[in-house]
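The exercises below ask for a careful reading of one structure, and each is followed by a solution that goes step by step. Please look at the sequence and the coordinates before turning to the solutions.

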Amino acid sequence: MFADFDSGQAAAAIRSAPMTIRSGTEDAEPETIAAAEPSSVLTQLGLSGWDAAALTAAGLAIVLFAPPLFLESWTPRMALILGFGPVGLLALWRAVRSRDLASQLLAAALIWTIIVSLASAEPRSALLGFAGRDLSALTVCAASGFWMLGRLTSPRGRVLLGGVVAWAATVSGLVGIAQVVGAVETGPLALAFGRPTGLASNPVYFGAISAAGLMLCVTVWRPSNWRRFLVPLLVLGAATSVSGSRVALVAALFAIVVHTAVRRDRSSLLAGGM
């Protein structure tokens, strides 16, 4: 998900911007230096402005929950994805032109999604969605562009991105567990048919977020950093279980088994090579 791709021309240009601003502050006016301070801070942290945008967007996509702002067909989370999606789609197009395999496969899937939507009995509903707009070709395309943001981050930003997603999912998981423990029946955080929603709008989405965060923690778990991910592992494991989503639970278990087997095989190959 966070691998580099050969077409990072746009990302490289954006990432080089903070360095350009910083190098030009020696003889700049005070106003110019003040304007460059945020970029200088990011540079000191080893991040670019693009990294900061991607980290913020990834965290908000999971925890953004504002029931008073819900409209009939749109939510704050949808507005976030639709806002960042076009930027990611532009980057996806550049990656496809550079023959990045993952991007080409994703582009082919998006084209097929649009074709199927146009050929459906209700093309408008299939393309634009209804009742939350979370089931539509528009959402699939925007979410794909949102995913592409992670591939534009720097190596340092990519490391932090995993932590942001894991801890944001943990916050949502804690809310879901609290719903179950407190048996919340009323209010914006009420259980949905006896199942928690966390900071998502549906128990199924809550289960998917929890399972994805759990698998992310498992993949980055190392003897040297186990304390950093112990709390997310415990919370997300419990959240996946109480979500009531059988698909999320089975998917998490299957992914963990596969990951463990692959890691063991790699360890055996390294041991044999030595």
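**Exercise 1. The chain as a whole**

How many helices and how many strands does the chain have?

Solution. The model is a predicted one, in which local features need pLDDT of at least 70 and side-chain atom pairs count only at pLDDT 80 or more, whereas totals for chains, interfaces and linings use all residues. Residues are numbered from 1 along each chain as its sequence is written, and side-chain values use heavy atoms, with hydrogens and water left out.

Step one is to take the elements as DSSP runs numbered from the N terminus, where helices (H or I) need at least four residues and strands (E) at least two. On that basis the chain has 11 helices and 0 strands, and from the N terminus on the order reads α-α-α-α-α-α-α-α-α-α-α.

Step two concerns burial, where buried means under 20% relative accessible area, exposed over 50% and partly exposed in between, with a 1.4 Å probe and protein chains only. Of the 274 residues in the chain, 37% count as buried.

Step three turns to contacts, meaning heavy atoms within 4.5 Å. Among the contacts in the chain with a separation of 6 or more, residues 24 or more positions apart account for 65%.

**Exercise 2. The pair α3 and α4**

Determine how α3 and α4 are arranged, and which residues bring them together.

Solution. Begin with the axes, which are lines fitted to C-alpha atoms, for helices over the stretch in contact, with angles from 0 to 180 degrees between N-to-C directions. Helix α3 (residues 49-63) packs against helix α4 (residues 76-97) at an angle of about 150 degrees, and their axes are 9 Å apart. The two helices are therefore roughly antiparallel to each other, given that angles under 35 degrees count as roughly parallel, over 145 as roughly antiparallel, 65 to 115 as roughly perpendicular and the rest as oblique.

Next comes the handedness: the crossing of α3 and α4 is left-handed, a word used if the near helix is turned anticlockwise from the far one by less than a right angle, with right-handed used if clockwise.

Finally, list the residues: W50, A53, A57, L60, A61, I62 and V63 in α3 meet R77, L80, F84 and V87 in α4. Sorted by class, this contact has 10 nonpolar, no polar and 1 charged residues, where Ala, Val, Leu, Ile, Met, Phe, Trp, Tyr, Cys and Pro count as nonpolar, Asp, Glu, Lys and Arg as charged, and the others, Gly among them, as polar.

**Exercise 3. The partners of α9**

Describe the packing of α9 with α8 and then with α10.

Solution. Start with α8 and α9, whose axes come within 9 Å and cross at roughly 135 degrees, which makes α8 oblique to α9. Their crossing is left-handed. From α8 the contact draws on G162, V165, A166, A169, S172, G173 and G176, and from α9 on F206, I209, G213, L216 and C217; by class, 7 are nonpolar, 5 polar and none charged.

Continue with α9 and helix α10 (residues 226-242), whose axes come within 8 Å and cross at roughly 145 degrees, again with a left-handed crossing. Here F206, S210, A211, G213, L214, C217, V218 and V220 in α9 meet F229, P232, L233, L236, G237, A239 and T240 in α10, a contact with 11 nonpolar, 4 polar and no charged residues.

V218 and F229 are 11 residues apart in sequence and 8.6 Å apart in space, C-alpha to C-alpha.
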